[in-house]
Amino acid sequence: MESKLIFEKEGVYLHTNVKRNNQDSSLPGFIRIVERGGEPSLEWSPLEDAGRSTPAVFYTKKVSDGDGGEEDTNFDPGYEPDWAVISTVKRAREPVPVRDTGEWSFSLPLSELYSLRRARFSLGRNFLVMTSRGGHPLPPLHFHRGGTRGLLKALQRYIVLAPSPVDGRLFLAYPHDSGALSQSFDELQLMDDGGSDLVSRFMQDPYATTFGGFSKVTNFFRGALRPPDSPLHTSGAQGANGHTSMEEEPGFELITCGAELGQRPTVTRGKPLDKWEEFLDPEGRVQNPERIKEIVFRGGIIPSLRKEAWKFLLGFYPWNSTAKEREDILRIKTDEYFRMKVQWKSVSEGQEMRNSLLKGYRNLIERDVSRTDRHNTFFSGNDNPGLTLLHDVLMTYCMYNFDLGYVQGMSDLLAPLLFVTQNEVESFWCLTGFMELVHHNFEESQEAMKQQLLQLSILLKALDPELCDYLDSQDSGSLCFCFRWLLIWFKREFSFEDILTLWEVMWTRLPCDNFHLLLACSILESQRGELIGSQHDFNTILKHINELTMKLDLQTVICGAEAIYLQLAMCKELPVKVKEVMGLYAASSSEEESPEAEAREAQQQQQPLLGPPQPRGAAPAVPPRPVPSRPVPTYP
C-alpha cells in the first residue's frame, strides 16, 4: 500500500508504565502523520523502530472468543487519564481491528481520534493525551524539543480541533465536513427522537441538551462538568516515584463540614396571601412590602391576586408607586414595548435573509413555542392565540436584549407569566424582571452555571458529607444532574400550578438570594436513601434524578429548604464559604486586603473545600462578619 509522509517530528517521548521498574518510564521516538491509501493516521514509533514501518495498531488487543471478540482491558498505560471519555450505551460500529505487532508503537486513523488534551503529570512536564472514539486513552506524549504547534497545524488539514468551553486544555476532534458537528443521535443511540450528537450539542448548547435525555447520558459528563482543577481531575498526577499519593486521592477521606450543625428545626407552611387592598394606602402605595414578601414566602399567593402581585415582585411596578404613577408607568412601558415590536415586525424577508442572527433567533423561537406547555389550555391547539403571544413576546425580547437574544429555556420562563397576566405587554416586562435574576444562566460562557453547581456542592458538603462522598465515589460530585434544575428554576420538575407557587416564593428572595440552591439540597437529601441504598452508579444516578419529574411534593421540598437554611444559619462554626453562599458573610475591606487574609486563602486552596475546623485558639485575625441586613427571618 502506497504511503505518504505528511508530518514527522523526532524527540517525542512516550510516557510508559512507570510502575514497571524493568522498563524506561519514557521512550524517545518519532511522531508522524502518514497517509496510506488515502487514509491519514497519527503514528508513533520508538527510535529503534525508525527503520521499519509503524504498525497500524492500538496498544490494546482483541481476544477471539468465538462471539466476535472482546477488548483486552488488562493493559495499564501507567497513569490515570484525567479526562473521562464517552462510554456509549450501545456501539453503532465495530472497533478498529487490532493486531499485536508491537508493545509501544501505535497508529491511530484520524477518523478515530476523539479528543486531544494537554495534561501535566510528574515533574511539571506537559503532555498530549489522545483518546480514540472507542474510549481508549493512548499513552501520553512529551515533545522534548517542541513541535506541538506543527503537529496541530498538520492535524487541522484533516480534522477540526474544537476547544471545549468547560476545559481550556481539551480539544474535541471532528471531521472537516460541517455535518459532523451535528451528527445524528443514531450513532450513540442515546435518544429515541434523533437530533444532534449529544457531545457536540452539550458543548455548544448545554441548555437544549439538558432539557431531555439525561436518563441515558453516559460517562462523558463526568469530565465535561468537572472543574479542571478539582481533585478528581488531577487524580492522574503521580509523585516522583510513580505512585499516586493517598493524600491526593479524594476517595480516601470523608470531607466534612467540621462543625456541629445542630438539630434541624421543623418548618410548616403558612396561608397564602389572600388580601391586597388592606396593604394599600389612600394613594395606592403598598404599605409594608416586606410583610407581603414574608406572607408570600410562607404560603404563596391565591390565584386571583397573582396578576397584580407578580408585577411588584418582578419589578414592573415599584413598591412605593402610587396608583396614578402606575398608570403612567403602564402607558410608557406599553409604548416602549410596541416600538420594539415594530422593529422586528418591519424587517422584510430580504433583510432577514441578510441578518443571520435575527433569523436564527426566530427559528429557535418558532421551534420552542410549538412545544412549550402545550398541555395547558392557554397554549394548546394549533391556532391558539396564546402561542402567537408567546412568539411575539420572545421576539420582542430579542430586540430588548439583542446581545443575549433568545436561548432555549426562555420560553419556559415566559409561559407562566403570560398565563397569569393574560397580557402581552405586562408579561414582557415581567419577563425582563425575571431575566434580571437569571440572565447569567443563559450566557454562552456558562460561568454562572458552573459557579452555582460549585456553590451547591459547598452546601451539600456541609449538610451531608456522606451523601457527597458517595456521589464523589460514583463520579457524580460535579452535580451535573442538577443543571436543568438551576437553569430554569425547576420548571420541568414540578407541575405547572406548582411552578406558579414555587416561583413567587423564590421571587421574594427570602430567606436568601440562593434559596434555589437550598431547594436543590432539599431534593437531593430527600433522595438520599434511594441513591445510597440502591448503590446507583453515575448513569443510574442521572436516570433516577431525571425520573423525579412530576413526582416531588412541592410543599415538602420548600419546607425542607427553609429548615436547611435555619439549621445552617444557627450554626456558630459554619465555614466561611458556606456563609458566603447563604449571604451571611461579607469580608470587610481591611480583611480583604490584609496579608493574613491572603495567607488564609492560600491555605484554604491547598485543603479540601470544607475541611476540618481550625484548632481551638487558632482564630483568624479578623473574624467573619455577618451581613446585618439579612437576619434569620421569623414569622408569626
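Q: Over the ring of which residue does the charged end of Arg326 sit?
A: In this predicted model, the charged end of Arg326 is 6.0 Å from the centre of a ring. That ring belongs to Tyr317.

Q: How far from the centre of the ring of Trp429 is the charged end of Lys333?
A: Lys333 has its charged end placed over the ring of Trp429. The separation from the ring centre is 4.1 Å.

Q: Which residues do ring pairs link into a cluster with Trp429?
A: The structure holds 22 aromatic pairs. Some ring pairs join Trp429 into a cluster.

Q: By about how much of a helix are Trp503 and Trp507 separated?
A: Trp503 and Trp507 are both buried. They belong to helix α16, which covers residues 496-507. Because they are four residues apart in that helix, their separation is about one helical turn.

Q: Is Thr396 buried or exposed?
A: Thr396 is part of helix α10, residues 385-400. Its relative accessibility is 0%. Buried means under 20%, so Thr396 counts as buried.

Q: Which residue has its backbone oxygen 2.8 Å from a polar atom of the Thr396 side chain?
A: The side chain of Thr396 has a polar atom that lies 2.8 Å from a backbone oxygen. The residue supplying that oxygen is Asp392.

Q: Which residues is Thr396 in contact with, leaving aside neighbours within four places in sequence?
A: Contact here means heavy atoms within 4.5 Å. With the sequence neighbours within four places set aside, the contacts of Thr396 are Tyr337, Met340, Lys341, Trp344 and Phe428.

Q: What does the count of disulfides come to?
A: A disulfide is a covalent bond between the sulfur atoms of two cysteines. Cys398 is buried at 0% relative accessible area, and Cys430 is buried with a value of 0%. A disulfide needs two cysteine sulfur atoms within 2.5 Å, and by this rule the count is zero.

Q: What percentage of the residues of the protein count as buried?
A: The protein has 23 helices and 11 strands. Its residues number 636. Of these, the share that counts as buried is 51%.

Definitions and conventions
Residues numbered from 1 in each chain as written. Predicted model: local features only at pLDDT ≥ 70, side-chain atom pairs only at ≥ 80, totals over all residues. Heavy atoms only, no water. Helix = DSSP H or I, 4+ residues; strand = E, 2+ residues; numbered from the N terminus. Buried < 20%, exposed > 50% of the residue type's maximum accessible area, 1.4 Å probe, protein only. Polar contact = N/O pair within 3.5 Å; in protein donor to acceptor, adjacent residues only side chain to side chain. Phe/Tyr/Trp six-rings, centres within 6.5 Å; stacked < 30°, edge-to-face > 60°. Lys NZ or Arg CZ within 6 Å of the ring centre and 35° of its normal.
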